[in-house]
Amino acid sequence: MHERSKLLADENIGKLLFKLSAPATVGMLVQALYNIVDTVFVGQALGENSVQGIAGISIAFPIMMVIMAISLAIGIGGASMISRSLGEGNQERAENVMGNVLSLVLIMSTFIIISGSIFLTPLLKLFGATDTILPYATEYMTVILHGSVFFMFALAMNNVVRSEGNAKVAMYTMLVSALVNVILDPLFIFKSGYIEFNFLADKLGIAVQPLYLHGFGLGVKGAAIATILAQATGALFLIWYFASGNSSLRFHLKNLIPKSDIAFESISIGMGPLARNASSSLVVIVLNNILLIYGGGDVAIAIYGVVNRLFMFTFMPMYGIVQGLQPIVGFNYGAKKFSRVMESVKLSMMVTTTMAVVGFIVLLAFPGELFGIFTSDNQLISSGASATRIMILALPLVGFQVVGASLYQAIGKALPSFVLAMSRQLLFLIPLVIILPNFFQLTGVWLAFPLSDGLSFLLTFVMVLKEFKILTRLDSSS
């Protein structure tokens, strides 16, 4: 048995979860940071056009979420199969799955580049782009589409790395990408000249001297170029990792041939994260159009875009815990060590709930200051602070729901994973976003978020309680 497999089977759950989750959590925080940095730099570079620039990226982001959703469906589904195969001692099956993950990424990225390029303008309008926002969204998304193969490869194969318990390499991939993105962003976004960092001094009390920069002045297009170059760097790092022999999995050319049973099981398991991320895009279509109907306009669309990025700082660490949890659960479920499965899930729920509470306190106390980092537009800051305080009311409940959905992904139960993943946004949020504004106008849109979080929590609680009873019974009989 490989050394990492022994750790998954025998290591103390608390230590093991920390070893696997800490690197993933750091990586996810950095990932959130560089998504935020894009928006901050664009907001500062465009000045009086910052609302339209931020809104343009916000409109484009859900399309990126669809690409991410497909990548994660392939990667997380494959990772679940690999973890369970390693737990069962089936190395050949694990390597077969890895090859099929790669081939699925190449097939789907080709399809996305072609179809996305053809239908880009109608898609952006569908997502709520106004005439003033559309040029910025088009500039950004055109570049992202043509580089989507790097984006998809890095996301999917990073999950394969985690599936064998090598969380540090997955973290390094995200750190490398994030560092490259943060370095390249100002170079591609700003024009040559001195960059003022007044927003850091005004909002955070950090005094930074003006910096002279030889920039390309490409604005939102520059932000997209920096993002793609960063993802390409991460993809190259992963190729080096697998080619160097450091992985417990070996690449074989024959495994690139798609196998229907592997593809079907991988995508079935990955339907949960696919539904969650794709439903985010559907939410944006509904929400942006509702915002326009109820008089929110460009400012309201920009508010939602900024709040989404602020939420990332709360959600991404929780997803880091989940990424550390999944190989533990998958391996021990495959090895029929059900008590370890339950112990790791309970501990993860406590940790993610703590993270959610901390995020709630920060967003409740400092929403105006946080919005001020992105823009100097007073209307955007004031309205955004009010909206944030409403949207986060049920945030402390989200940690439990995130772990509950990941439990089913890890043990290969596709249907309940899918139901829980779609519950927050498709089952609850979209209907509430449509209904509540009829009674509360624009405030009703923001109220839909905490109500959907509460309902999703109740559904997750009932389903996880039932699953724990099954696991307890299996543990008693094994």
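**Figure 1. Ala-224 and its contacts in the predicted model.** This close-up, taken from a predicted model, starts with Ala-224, which touches Tyr-140, Val-143 and Ile-144 once residues up to four places away in sequence are set aside. Ala-224 belongs to helix 10. Is Ala-224 buried or exposed? With a relative accessibility of 0%, Ala-224 counts as buried, because buried means under 20% relative accessible area. For a sense of scale, look across to Ile-321: Ala-224 and Ile-321 are 97 residues apart in sequence, and their C-alpha atoms are 28 Å apart in space.

**Figure 2. Helix 6 against helix 10.** Here the view widens to the helix pair that includes Ala-224. The axes of helix 6 (residues 134–146) and helix 10 (residues 220–243) come within 8 Å and cross at roughly 20°. Helix 6 is therefore roughly parallel to helix 10, since angles under 35 degrees count that way. The crossing of the two helices is right-handed. Which residues of helix 6 meet helix 10? They are Tyr-136, Glu-139, Tyr-140, Val-143 and Ile-144. Across from them, helix 10 contributes Val-220, Lys-221, Ala-223, Ala-224, Ile-225, Thr-227 and Ile-228. Sorted by class, the residues of this contact divide into 9 nonpolar, 1 polar and 2 charged.

**Figure 3. Thr-138, another residue of helix 6.** Staying with helix 6, we turn to Thr-138. Thr-138 has a relative accessible area of 24% and is partly exposed, because that class covers values between the 20% and 50% cut-offs. Leaving aside neighbours within four places in sequence, Thr-138 is in contact with Leu-120 and Leu-124. How many residues along the chain lie between the positions of Thr-138 and Gly-56, counted as their separation? The two are 82 residues apart along the chain, while their C-alpha atoms are separated by 7.9 Å.

**Figure 4. Helix 7 packed on helix 8.** Two packed helices are described by the angle between their axes and the distance between the axes. For helix 7 (residues 148–163) and helix 8 (residues 167–189), the angle is about 155° and the axes are 8 Å apart. Helix 7 is thus roughly antiparallel to helix 8, because angles over 145 degrees fall in that class. On the helix 7 side, look for Asn-158, Val-161 and Arg-162. Their partners in helix 8 are Val-169, Ala-170, Thr-173 and Met-174. This contact has 4 nonpolar, 2 polar and 1 charged residues.

**Figure 5. Helix 15 packed on helix 19.** Helix 15 (residues 378–391) and helix 19 pack at an angle of about 35°, and their axes are 7 Å apart. From helix 15, the contact takes in Ala-387, Ile-390 and Met-391. From helix 19 come Thr-443, Trp-446, Leu-447, Phe-449 and Pro-450. How many charged residues take part in the contact of helix 15 with helix 19? There are no charged residues; the classes found are 7 nonpolar and 1 polar.

**Figure 6. The bend in helix 3.** Follow helix 3 (residues 50–87) to Phe-61, where the helix bends by about 25°. A proline, Pro-62, follows within four residues of this bend. Why is helix 3 described as largely enclosed by the rest of the structure? Because 37 of its 38 residues are buried. Just after helix 3, Gly-89 takes a positive phi of about 80°.

Figure 7. Where is Lys-336 found? Lys-336 is in the loop between helix 12 (297–334) and helix 13 (338–365), and is exposed, with a relative accessible area of 57%. Gln-441 is in the loop between helix 18 (437–440) and helix 19 (442–477), and is partly exposed at a relative accessible area of 45%.

**Figure 8. Phe-18 in helix 2.** The last stop is Phe-18, which lies in helix 2 (residues 13–46). Phe-18 counts as exposed because its relative accessibility is 62%, over the 50% cut-off. Between Phe-18 and Ser-348 the C-alpha distance is 9.9 Å, although the two are 330 residues apart in sequence.

Technical notes
Residues numbered from 1 in each chain as written. Predicted model: local features only at pLDDT ≥ 70, side-chain atom pairs only at ≥ 80, totals over all residues. Heavy atoms only, no water. Buried < 20%, exposed > 50% of the residue type's maximum accessible area, 1.4 Å probe, protein only. Bend = angle between axes of the 7 residues up to and from the residue. Axes fitted to C-alpha atoms, helices over the stretch in contact; angles between N-to-C directions. Parallel < 35°, antiparallel > 145°, perpendicular 65-115°, else oblique. Left-handed = near helix turned anticlockwise from the far one by under 90°. Contact = heavy atoms within 4.5 Å. Nonpolar A, V, L, I, M, F, W, Y, C, P; charged D, E, K, R; others polar.
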